[in-house]
Amino acid sequence: MGSMKLIFGIGVIAVAVYLCAELVPPYFANYQFEDAIKNEATISTYSTKPEDAIRDTVFKKAQDLEIPVTRDQIKVQRSGAVGTGSLTIETNYMVHVDLPGYPLDLHFNPSSRNHGAF
């Protein structure tokens, strides 16, 4: 009876490890991507960097992190003057994870809005 509990426990642990190995990487990449978007929004609010250049920077980071997003999916909008206005960067994307018997689509919507200090 004790060996069956041990085998069951090992099976549960194996399943948990497998699920973590499949699900943690997309969430971690999204966390890093969202952090990069926030940093870019903060820095670019106070620069004269054009919206297309901001979009290119965010797209490059997405490629580095293997985020499945196209340049067209990244929305950049500047309102007001540099330093006094606001800058919004947003996108959305999906990552498909094939779990045995349960395919799963993870939807992510990283974004940031930064307001100038003045």
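Tutor: Contact means heavy atoms within 4.5 Å. Keep that in mind as we read this predicted model.

Student: Which residues does I67 touch, not counting residues up to four places away in sequence?

Tutor: I67 touches A29, N30, F33, A62 and Y93.

Student: How do I read the span of helix 2?

Tutor: Compare it with what is expected at 1.5 Å a residue. Helix 2 covers residues 51–64, so count 14 residues. From first C-alpha to last, helix 2 reaches 20 Å, close to the 20 Å expected.

Student: Which residues of helix 2 are buried?

Tutor: I54, R55, V58, F59 and A62 are buried. These residues cover an arc of only 135° around the axis, so they lie on the same side of helix 2.

Student: Why do residues three or four places apart point the same way?

Tutor: An α-helix has 3.6 residues a turn, so such residues point the same way.

Student: What comes just after helix 2?

Tutor: E66 does, with a positive phi of about 60°.

Student: Is E40 buried or exposed?

Tutor: Buried means under 20% relative accessible area. E40 has 11% relative accessibility, so E40 counts as buried. E40 sits in helix 1, residues 2–45.

Student: What does the side chain of E40 join?

Tutor: A polar contact of 2.7 Å links the side chain of E40 to that of S44. Leaving aside neighbours within four places in sequence, E40 is also in contact with K49, I54, T57, V58, L87 and I89.

Key:
Residues are numbered from 1 along each chain as its sequence is written. This is a predicted model: local features need pLDDT of at least 70, side-chain atom pairs count only at pLDDT 80 or more; totals for chains, interfaces and linings use all residues. Side-chain values use heavy atoms; hydrogens and water are left out. Helices (H or I, at least four residues) and strands (E, at least two) are DSSP runs, numbered from the N terminus. Buried means under 20% relative accessible area, exposed over 50%, partly exposed in between (1.4 Å probe, protein chains only). The arc is that of the directions from the helix axis to the C-beta atoms. A polar contact is a pair of N or O atoms within 3.5 Å; within protein, one must be able to donate a hydrogen and the other to accept it, and residues adjacent in sequence count only if both atoms are side-chain atoms.
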